[in-house]
Amino acid sequence: MANRFQCVTAVLFGFYISLIVAQGTQDCRGQKSDIIFLLDSSTSEGQQNFKHQLDFVKNLTAIYDIGPNNVQIGLASFSSHVHNQFWLNTYHNQASLQNAIGNVPFTFGNTNTGEGINFVTTQGFTSAHGMRNDVPNILVVMTDGQSQDGTNTASMASKAHQAGIEVVAIGIGDGVSTSELQAIASDPKHILTVENFLALASIQHNVAAATCNIATPAPLTALGCKTSQADVVFILDSSGSEGQNNFQKELQFVSNFVNNVQIGPQNIQVGLVTFSDIVKNEFYLNSFNNKLDIMTKLQNVSYRGSTTYTELGLQYARQFQFTSRHGARPNATKIAVVLTDGQSHSRPATLSEASRLKQIGVKIISVGIGTQVSQEEINGIASDSNHAFTVATFDALHTIQSELENTACGGTIPPVTTTCGSKPADIVFILDSSGSEGGDNFNKQLQFMSNFVKHFSIGPHDVQFGLVTFSIQARNEFYLNTYNSVQDISNKLTNIAYIGSTTHTELGLQYARQFQFSSSHGARQNAQKIAIILTDGQSQSSTDTIHQADLLKQMGVKIISIGIGSYISQTELLSMAADQQHVLTVGSFDALHTIQSELKESSCGGGAGGTTPASTGTNSACLADVVFAIDASGVEGQSNFQKSLAFMSEVVNEFPGVPYNVKFGLVTFGSHASTNFYLSQYNSKTSLIRAIQSTSYIGGTQNTWIGLYVVRHTTLTTAKGARPGVKPYVILITNGKSSSHPSFLRETTSLRQATNMTGIAIGIGNGVNMDEINSFANDGHHAFHVSNADGLLTLKHTIHDSICGGISSAVTTSLPTFTTTPGGK
């Protein structure tokens, strides 16, 4: 079961991170699973919105191979009562399934979500109705409001989870209850929300990814962390340095933990204490026995402010929380989780109280947030260094969620990766310490390295780490053979001085080559050699930097380059790295935590000096040359043309790497066609969007084929910024048919042959020629249709993911297009 949860998490949202250029949308052919859709049919929905749900289900299920040896689909609806529409084994082919979905009736009434979930669990997922024991069982719940009985809904959802059913919860509109969605879903990664029913199409790829990539279920005995006995008390900083918003993020962190474990007197119990100048008990271990009650309470915990008396929180936990009177069990693992963003009022008193708590058998996990914490205090509070965590910001708390769950579920120290690939590894970090960084950001780099080191077993037979910093000079901080434990490296990293001055990246690379990767300083012949360089700007001499990187690679060192912020040189990063797949970029120093997984994969996924498989995160360097070809003809009209431009602006905003990783060009067509700007023309996202907004309307005949001719001959060329080795994409937006269909087909073929582009086509309204849309698109997953220009915005996330979303290879079979409600054009 643990593997199933990990698989869903990795695919559904990727733990916050997307791949280098994706080649299409989810291929669900050949998958085996049993999927039941449970649709809200209550009065609040209304018949038209209920139909939108059915359209969503039709489009989504069209990507599966349907049949008893592939994917089986069931469907039920609920209002005051449950209405089964068809079982898993009712339909065995696409045609009959699509017809059945289209004929599901709307039945108004109350919102009895709990009864619907119970029906699916007890009757839908049964062998009599087609359930197979050797394939994933998936329930997709869609609702636009709160259920009649939230406690019952949470209880029924818990039974579904215990039965091994993966539950995806989709909330529609602003009437849904976040805490209820959390209780329904298997975990937070299984929750999706949209603003309205028209926006359902925008999450179709997310649901497809989830349902296509769930592993075959493990035996229920493998639940492990879901059913371990542990008494977990959270001790949260509520002092003035936190602020109301950040305090709420701490509460959300607790809520996410609660939602990921099994709550109850025979499983995991949770208590909560807050502290500032006073300590306050929020609830004891035995106060609540289900997730929904805890989550509801967490929404009503108040923030106090004032000074930071951490010792009072620890003392209260010892004297009152961890007592049999308040629910502590003698046979359960006892865990205290302390979250704070600063130093306590009295460090000696805090460390003394932490020691007393540990003496009664409580394992303490300490989490320091931000740059004002005392690492010494965080380490002193924790049971040991493996239970001390630090994150750069409150928004980064989610990055340690899995470690916390590992510790709480079974009471063991989070597992350490003992190897890096198939053999030992010598890893040298080369950190920018120049003036553009600043002291605070430099410390964030050190924290990033510290968190990374914790993933490995350190020693002369395992992984060794070295560190070089550079600015106007290179400085050795420690060699590969200097330290043999995580603790020693972590302690050293808290005492590295910031230099400042200019950015001589080449000196850092040169020092690593001449001194770090030498046998006298610990480099081993049988180890793979890896250099990880972090920088926020361009080097003083790009030529010298690239030369030194080449020399380092020639001696068998794999270089991973990480660019931070908007002033990096993408060319320099690419030239330093072993290859394109070893370039990572983040928007800021606070975002470094989001690439921990990718960095580990890039470092350890391949042999020395070789390449690794592309990682699956969202912050990998997504490289793409994207040209929009937008209809500006008289058929389109001025108003809809402006909406197409606004859509392009929204798509551009989806990409953090503009204009370094992802470049955009624009061609418009009507009576004639013209390039409005080239791929290489703008050096900032602001100027790019300003250019889009100032594009002029043309009018006249719909000469789509001339627009494609211009793309091929002038826009998507190396002379105008197209980059060799970078995947080109052309996004065609039109509301009608080309003035010459043969010319359109000829230019489409020529463009594809000349550029190897991936074609994405969006048709608007009833007058569009869907044959042309499908001909231009690479496949059915790159062809879209919206009822009017207002519906374009529902596709912005989908277009982003088609380019950089990291969902697997394209499907060559036809897929029904997304359609919003009629109106407008």
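Author: Let us begin with pairing: two strands count as paired if DSSP finds at least two bridges between them. The model before us is predicted. Here, F78 has V82 in β3 as its bridge partner.

Reader: How many bridges join strand β2 to β3, and do the two run parallel or antiparallel?

Author: In general, strands of a sheet pair through backbone hydrogen bonds, in either a parallel or an antiparallel manner. Strand β2, residues 71-78, is joined to β3 by four bridges, and the two run antiparallel.

Reader: In what order do the strands of the open sheet lie?

Author: The six strands follow the order β3-β2-β1-β4-β5-β6, and their pairing is mixed. At the edges stand β3 (82-86) and β6 (191-194); each has a single partner strand, so one side of each lacks a neighbour in the sheet. On average, neighbouring strands of this sheet are turned by 20 degrees against each other, direction ignored.

Reader: Which strands does helix α4 lie across?

Author: Helix α4, residues 113-124, lies across β1 (33-40), β2, β3 and β4 (137-143), and runs at about 155 degrees to β1.

Reader: With which side chain does the side chain of T274 make a polar contact?

Author: The partner is the side chain of E282, at 2.9 Å. Leaving aside residues up to four places away in sequence, T274 touches L236, S238, F247, V279, K280, E282 and V301.

Definitions and conventions: Residues numbered from 1 in each chain as written. Predicted model: local features only at pLDDT ≥ 70, side-chain atom pairs only at ≥ 80, totals over all residues. Heavy atoms only, no water. Polar contact = N/O pair within 3.5 Å; in protein donor to acceptor, adjacent residues only side chain to side chain. Contact = heavy atoms within 4.5 Å. Axes fitted to C-alpha atoms, helices over the stretch in contact; angles between N-to-C directions.
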